[in-house]
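Q: I'd like to learn how to read a model like this one. Can we go through it feature by feature?

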Amino acid sequence: MAIKRGGLRYYWVQFFYQHKAMGFIAKQSIKGATANYIGVALGFFITFFVLTDCLTQAEIGLTRVMVDAAMLFSALAQIGSNSSIMRFFPRFKDGTGANHGIFGLSLLIPLAGFVLFAVLFLIFKDSIVGLYIEKSPMIADYCYLLLPLTFFALYMTVFETNASILQHIALPKAVREVGVRAVNLVSYLLYGHGVVSLDVFVMLFVGAYGLAMVVDFVYLLRLGGISFKIDWHFIDRRLAGEMVRYTLFMTATVLAANIPLINSLFLGAQAGLALTGVYTIAFYIANIVEVPYRSLGAIARPVVAEAVGRNDLAETNRLARQVSLHQFLVSSMIFCVIWLNLRAMFAVIPNGADYAGGMGVVLLLSVAKIVNSSLSIATDILNFSRRYAYSLIFIALLTVSAIVLNRKLIPLWSINGSAAATLCSYALYFGGLLLYLWFTYGVSLFAAGHLKVLAIMAAVLAADWLWNFALGGAMRIVAGSLLKTLVLGSAALAAVYFWRVSPTVNEAVDKALRRKKA
């Protein structure tokens, strides 16, 4: 039976045949995805049942600010080299394993960026610490660990990229997603049970990233056939010019890709570490909404790139609407499940009452995640087009709006202000981007199905609001949330089916029912 081009099954078939042809890469992809989901499960357990029990709000905020600062600074220190190395590797590849020393470049460019960052950090250290000294004095006590943590985070990413180029990403992925969390779990428990002091705990926490970096590097060396000696004669003026232009372009995209990291840094300076800790728990809950986007986005992206490359606007339009609709449907349903059970989650986690004030953050960030996952295909369309350079304008809009809105809204609404800044920044970014795609290419992501999903979600949330009047007490909240999830979730799924939001979903359900009858 022919599979309709543009349907959800079409993406899965494309994905299957692409990976079947690649063999070993498929196995690596499956292992990497498995590590990712194990990491999500482990992170869920640690965040809700260990962090909230072993650390105070301020201590959770401290670890969050330190990691986010290190991740942001390491991303800037890369100077776009990781994306550049991946893009230009086929040009360097020579079949001997030396590959004209591109792996040497992958180490040298980030090192130069790190040295530059370290010098600037040491020069402006007092000014940076001064931003946090009033609201978050613990930052001043441990800022000396920021440079080592940044270095570890930087070269973890570098070694992961090198392993990915060599098509061996599974172990580095497992190290990041599972290994670091497992080591930190031990440090949380040691500190929470009074075995080590706060100073030792923070050093163990930072050391986990150093250990991960070393493991990745040893694994890279064990793969063999790698040369770090740069062949400067191979890099002519034309190739160097292309690499510099692309690298600078990718550097400009760093801030936009790390908006959540910017939020926590502003919170630490303006709201304090305790509220940043509350925000951290709420952020992790909202982040679950976006998990399916990683898989479906990876499947659809090559197909969209092919359509854009052929300048087939009709196919691009069809794919964009299909991807956007299904992302919107899945992320909205996940959000509804989370929201229906949110009070129950805060009722059962250790010290949950201390973190229940983050419900507004969960709401605002979840909506932001829905917007991002549903509309990110628009970013891919522009990036795959000949006018990809225009994305810098929208990236600048997103970055500047996030910074300005965080500065303005956090003093007004505290952690809710930071979440609102994220949502408003995404609204401005995607609003401008969608208008540009419509007027330039005639591409629109919206279909009638979006309104139907929105109506279903609104009905579920309205019913939940009415239902809450009859609830009270932790046990009744838990029992009520389970019952609500069953009843309202079933009603929402039934509405999706009978209202025919997605013909693809209806076909899959009908096929399953026919098999069951047979």
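A: Let's start with burial: a residue is buried under 20% relative accessible area, exposed over 50% and partly exposed in between, using a 1.4 Å probe and protein chains only. M156 has 1% relative accessibility, so M156 counts as buried. Residues are numbered from 1 along each chain as its sequence is written, and side-chain values use heavy atoms, with hydrogens and water left out.

Q: Where is M156, and which residues is M156 in contact with, leaving aside neighbours within four places in sequence?
A: Contact means heavy atoms within 4.5 Å. M156 is in helix α8; helices are DSSP runs of H or I with at least four residues, numbered from the N terminus. With neighbours within four places set aside, M156 touches R176, V180, Y209, A212, M213 and D216. Take D216: it is 60 residues from M156 along the chain, yet their C-alpha atoms are separated by 6.8 Å.

Q: How confident is the predictor in the chain?
A: Look at pLDDT, the predictor's confidence in each residue, from 0 to 100. The chain has a mean of 85, and 88% of its residues reach 70 or more. Over residues 15–22 the value is below 50, and this stretch has four contacts in the model beyond near neighbours in sequence. Where pLDDT is low, the predicted coordinates should not be read in detail.

Q: What span should helix α3 have, and what span does the model give?
A: The expected span is 1.5 Å times one less than the number of residues. For α3 (residues 57–77), with 21 residues, that should be 30 Å, and the end C-alpha atoms are 30 Å apart, which agrees. α3 is also mostly covered, with 17 of its 21 residues buried. Helix α4 (residues 81–92) has 12 residues and would span 16 Å if straight, but it spans only 14 Å between its end C-alpha atoms.

Q: Which residues of α4 are buried?
A: An α-helix has 3.6 residues a turn, so residues three or four places apart point the same way. In α4 the buried ones are S81, N82, S84, I85, F88, F89 and F92. They cover an arc of only 150 degrees around the axis (taken from the directions from the axis to the C-beta atoms), which puts them on the same side of α4. R87 and P90, on the other side, are exposed. The cover over the buried residues includes α5 (102–123), α8 (146–165) and α11 (237–252).

Q: How many aromatic pairs are there?
A: Rings of Phe, Tyr and Trp (its six-membered ring) pair if their centres lie within 6.5 Å; planes under 30 degrees apart are stacked, over 60 edge-to-face and the rest tilted. That rule gives 22 aromatic pairs. F114 and F151 are edge-to-face, at 5.3 Å centre to centre and 65 degrees between the planes. This pair links distant parts of the chain, F114 in α5 and F151 in α8, 37 residues apart. F114 is buried at 13%, while F151 is partly exposed at 26%.

Q: What about phi?
A: Most residues other than glycine have a negative phi. N311 isn't a glycine, yet its phi is positive, about 60 degrees. N311 sits in the loop between α15 (291–309) and α16 (313–340) and is exposed at 53%.

Note on methods: This is a predicted model: local features need pLDDT of at least 70, side-chain atom pairs count only at pLDDT 80 or more; totals for chains, interfaces and linings use all residues. Helices (H or I, at least four residues) and strands (E, at least two) are DSSP runs, numbered from the N terminus.
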